[in-house]
Amino acid sequence: MCGVLQDHCGRVIFAYYKEFGELEVLEAEAQSLLVGLRMCAEREVRSLTAESDSQVFVQLVRSGAVSKWPLCRVLREIRHLLSQMQASLLHVYREANS
């Protein structure tokens, strides 16, 4: 999975790529977002908008619902980081996520 942090003008600040092995789709989305949020937190990035092309994942994060282990731990950390960083998570269509 990969991620990109861009400024408000669309300039790339940093990008990352990480392999997670064989995970289910939601777990891979969650792990990738968590890696990106941790990188932003380390760089003291605030007020950001994260985007995912998985509407199910975005709804799961926003809902506050718990999921099966180990995804529930990752979801808790994602929610904590989003809150701490004053960040939001939006769904984007796959075509916009290229």
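Where is Ser 47 found? Ser 47 is found in the loop between helix 1 and strand 3, with helices (H or I, at least four residues) and strands (E, at least two) taken as DSSP runs numbered from the N terminus. The model is predicted, so local features need pLDDT of at least 70 and side-chain atom pairs count only at pLDDT 80 or more, while totals for chains, interfaces and linings use all residues. Residues are numbered from 1 along each chain as its sequence is written, and side-chain values use heavy atoms, with hydrogens and water left out.

**The loop between helix 1 and strand 3**

The phi angle of Ser 47 is near 50°, a positive value in a residue other than glycine. Glu 44 lies in the loop between helix 1 and strand 3 too, and its phi, near 55°, is likewise positive in a residue other than glycine. Accessibility is sorted by relative accessible area: buried is under 20%, exposed over 50%, and partly exposed in between (1.4 Å probe, protein chains only). Ser 47 is exposed, at 54%, and Glu 44 is exposed, at 63%.

Helix 2 spans residues 55-63, and its buried residues are Phe 57, Val 58, Leu 60 and Val 61. These residues cover an arc of only 160° around the axis, so they sit on the same side of helix 2; the arc is that of the directions from the helix axis to the C-beta atoms. The face turned away from the buried side carries the exposed residues Val 56 and Arg 62. Contact here means heavy atoms within 4.5 Å. The cover over the buried residues of helix 2 includes helix 1 (25-42), strand 3 (49-52), helix 3 (71-84) and strand 4 (88-91). After helix 2 comes Gly 64, which has a positive phi near 80°.

How do helix 2 and helix 3 cross, and at what angle? Their axes come within 9 Å and cross at roughly 70°. The axes are lines fitted to C-alpha atoms, for helices over the stretch in contact, and angles run from 0 to 180 degrees between N-to-C directions. Helix 2 and helix 3 are therefore roughly perpendicular to each other, a label for angles of 65 to 115 degrees, whereas under 35 counts as roughly parallel, over 145 as roughly antiparallel and the rest as oblique. On the helix 2 side, Phe 57, Leu 60, Val 61 and Ser 63 meet Leu 71, Leu 75, Ile 78, Arg 79 and Leu 82 of helix 3.

Glu 29 belongs to helix 1. At 13% relative accessibility, Glu 29 counts as buried. Leaving aside residues up to four places away in sequence, Glu 29 touches Met 1, Ser 52, Asp 53, Ser 54 and Phe 57.

**Salt bridges**

A salt bridge is a side-chain nitrogen of Lys or Arg within 4 Å of a carboxyl oxygen of Asp or Glu. The count by this rule is three salt bridges.

| Pair | N to O distance |
|---|---|
| Asp 7 and Arg 11 | 2.9 Å |
| Arg 38 and Glu 77 | 2.8 Å |
| Arg 73 and Glu 77 | 4.0 Å |

Arg 38 lies in helix 1 and Glu 77 in helix 3, so this pair ties together parts that are 39 residues apart in sequence. Arg 73 and Glu 77 both lie in helix 3, four residues apart, which is about one turn of the helix. Arg 38, Arg 73 and Glu 77 are linked in a network of salt bridges. In the remaining pair, Asp 7 is partly exposed with a relative accessible area of 21%, whereas Arg 11 is exposed with 51%.

**Cysteines**

A disulfide is a covalent bond between the sulfur atoms of two cysteines. Here a disulfide is counted for a pair of cysteine sulfur atoms within 2.5 Å. How many disulfides does this rule give? The count comes to zero. Cys 9 is in no disulfide, and the nearest cysteine sulfur, that of Cys 40, is 17 Å away. Cys 72 counts as buried, at 10% relative accessibility.
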